Amino acid sequence: MSDIPPGTANNAPGQPLSKAVRSVVIASVTEAQRRNSTLVEAEHLLLALSRDGSSPVRDALAAAGLDPAGVEAALLAEREASLRVAGVEPLGEERLVASPRVARPRWGASAKEALTRAHRVASAHRRQRSGEADLLTAILGLELGTVPRALILAGVDRPAVVAAVRDIG
């Protein structure tokens with residue numbers, strides 16, 4: 001019997017996951033809830049890796065300016081840029097406070113894609129289970145969505161970060 005709550009890592013797409021990735025997946029659900037999101041997306045996985053990932057993964061992210069504060073800043077910049085493109089002036093964070101979500105968020109398309117890609121990365125390296133480095137590589141390899149736009153705006157060299165975590169496994 002697993003001690004992982006239903007609807008989190010056991011039901012995450014892209015199985016099987018290592019224990020470390022299961023912890024990150026659970027933390028990503030918490031990140032989504034903290035941000036009052038109805039869906040767990042790739043940005044929540046990235047935030048969870050930056051906060052709760054293993055030391056080598058956190059170090060690689062921090063070296064690229066993606067410590068938790070850096071990820072938050074990149075996501076905020078992406079949201080503001082996207083709103084401006086749509087002709088909407090962004091509101092201050094204090095005006096965007098919402099009631100906390102009670103319901104568990106579901107899995108969004110970008111999180112599903114990242115977890116599926118992580119499994120493919122692990123398989124390509126002949127590993128049975130996806131590790132944190134595989135998940136980070138998968139997230140950094142996404143081409144569409146909030147995370148790729150945020151990383152471009154933040155000037156992150158995605159291939160350099162992937163190279164830094166390549167041997168972590």
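The briefing below goes from the whole chain to single residues.

This is a predicted model, in which local features need pLDDT of at least 70 and side-chain atom pairs count only at pLDDT 80 or more, while totals for chains, interfaces and linings use all residues. Residues are numbered from 1 along each chain as its sequence is written, and side-chain values use heavy atoms, with hydrogens and water left out.

**The chain as a whole**

- The chain contains eight helices and two strands; helices (H or I, at least four residues) and strands (E, at least two) are DSSP runs, numbered from the N terminus.
- Read from the N terminus, the order of elements is α-β-α-α-α-β-α-α-α-α.
- The chain has 169 residues, of which 41% count as buried; buried means under 20% relative accessible area, exposed over 50%, and partly exposed in between (1.4 Å probe, protein chains only).
- Carbon and sulfur atoms account for 54% of the accessible surface of the chain, which comes to about 8900 Å²; such areas come from the Shrake-Rupley method with a 1.4 Å probe, and for residues only the protein chains shown count as cover.
- Among contacts in the chain between residues at least 6 apart in sequence, 62% join residues at least 24 apart; contact means heavy atoms within 4.5 Å.

- Helix 7 spans residues 146-153, and its buried residues are V147, P148, A150 and L151.
- Seen down the helix axis, these buried residues fall within an arc of 165°, so they line one face of helix 7; the arc is that of the directions from the helix axis to the C-beta atoms.
- The cover over the buried residues of helix 7 includes helix 2 (42-52), helix 4 (68-85), helix 6 (132-140) and helix 8 (158-165).
- V156 lies in the loop between helix 7 and helix 8 and is buried, with a relative accessible area of 12%.
- Apart from neighbours within four places in sequence, V156 is in contact with A64, L66, L151 and V161.
- V156 and A74 are 82 residues apart along the chain, and their C-alpha atoms are separated by 9.7 Å.

**The cavity**

- There is one cavity of 30 Å³ or more; on a 1 Å grid over the protein atoms alone, a cavity is a set of points where a 1.4 Å probe fits but cannot get out, and lining residues have an atom within 4 Å of a point.
- The largest cavity holds about 30 Å³ of space; grid points are joined across faces, edges and corners, and a volume is the space filled by probe spheres set on the points.
- L46, L66, V71, A74, L75, V147, A150 and L151 line the largest cavity, and helix 4 and helix 7 each supply at least two residues of this lining.
- The lining of the largest cavity has eight nonpolar, no polar and no charged residues; Ala, Val, Leu, Ile, Met, Phe, Trp, Tyr, Cys and Pro count as nonpolar, Asp, Glu, Lys and Arg as charged, and the others, Gly among them, as polar.

- S28 is found in helix 1 (residues 19-34) and counts as buried at 0% relative accessibility.
- Not counting residues up to four places away in sequence, S28 touches V40, H44, L45, A48 and W107.
- S50 belongs to helix 2 and counts as buried at 5% relative accessibility.

Methods: 1 Å grid on protein atoms, 1.4 Å probe; cavity = no way out; pocket = protein on both sides within 12 Å on 5 of 7 lines; lining within 4 Å.
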